[in-house]
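Here are a few friendly notes to read with the model open beside you.

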Amino acid sequence: TGEVDLLLVDTVVHLIPKKFREKSAEDPNQPGRQAILINDAMKLWTASLNELEAVGKTDCTIVLVNQLRQKIGLYPMDFKPGGEGQGYASSLEVRLWQKEFQFDTGGRSLTMDTEFAVEKNKTAPPKMAGKYRMCLLEHPGRKPGDTWDDEIVAEAAKSNGFVAKKDGKITVIERKFDSEEEFKKELHKQGEFYKTLRGRLLDLLTGMP
């Protein structure tokens, strides 16, 4: 309609046709119905967005959250429930895998490491991958949902030439530190130095060919 800026579908795998719901779970004549439903929805959404965008009425973004499942067979492989139409219609496809958790002294999950892979991208180079660490509990200087990327920023600074070592001391963007440990402690504070270094790294990495 042009009245919505963001449409979030969470999750695609749980969108089911009405006929599917009315049938018994043991009914074998069910294959392909969900894929037909999702593929038809993708066609309708894409056509509607294109029509509205052509007259300057909307800049709506549709986000589809889905699960990866495994096909049963001799060679198991991942697939997206709901058919392949999602892949054809999407501008950006990102896959995520939860990897490791770090715990506080009370045994609660403090952070979560997630790996991601950009499978398709119409707006930037595809086939890129990386990882990030997210804060799950309130912590000094951080709240749940914050990215906990001190270590990643430190590694990226070293590998991209931001860290210079001389006479046992290191210099990073005109700041001198007695040791690498001191440098990491400063990053951990997430103050102005951290923001400046992170910003320069992002400018460098996102501007690379």
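1. Two strands count as paired if DSSP finds at least two bridges between them; helices (H or I, at least four residues) and strands (E, at least two) are DSSP runs, numbered from the N terminus. On that basis, strand E6 (residues 109–121) and E7 run antiparallel and are joined by 8 bridges. This is a predicted model, where local features need pLDDT of at least 70 and side-chain atom pairs count only at pLDDT 80 or more, while totals for chains, interfaces and linings use all residues. Residues are numbered from 1 along each chain as its sequence is written, and side-chain values use heavy atoms, with hydrogens and water left out.

2. E6 and E7 form a hairpin with 6 residues between them. In the turn, Lys-127 has a positive phi of about 55°.

3. The open sheet has 3 strands in the order E5-E6-E7, with antiparallel pairing. E5 and strand E7 (128–135) are its edge strands, each pairing on one side only.

4. Where does Ser-90 sit? You will find Ser-90 in the loop between helix H3 (85–89) and strand E5 (92–103). Ser-90 is buried, with a relative accessible area of 17%; buried means under 20%, exposed over 50% and partly exposed in between (1.4 Å probe, protein chains only). Leaving aside neighbours within four places in sequence, Ser-90 is in contact (heavy atoms within 4.5 Å) with Lys-120 and Lys-122.

5. Ser-90 also turns up in the lining of the largest pocket: of 28 lining residues, Ile-62, Val-63, Leu-64, Ser-90 and Leu-92 lie nearest its centre. A pocket here is an open set of points on a 1 Å grid over the protein atoms alone, where a 1.4 Å probe fits, with protein on both sides within 12 Å along at least five of seven lines; lining residues have an atom within 4 Å of a point. H2 gives the most to this lining of the largest pocket, with 6 residues. Helix H2 (33–54), strand E2 (61–65), H3 and E5 each supply at least two.

6. For the second largest pocket, the residues closest to the centre, out of 24 in the lining, are Phe-116, Met-128, Leu-202, Leu-205 and Thr-206. E5, E6, E7, helix H4 (150–159) and helix H6 (192–206) each give two or more residues to the lining of the second largest pocket.
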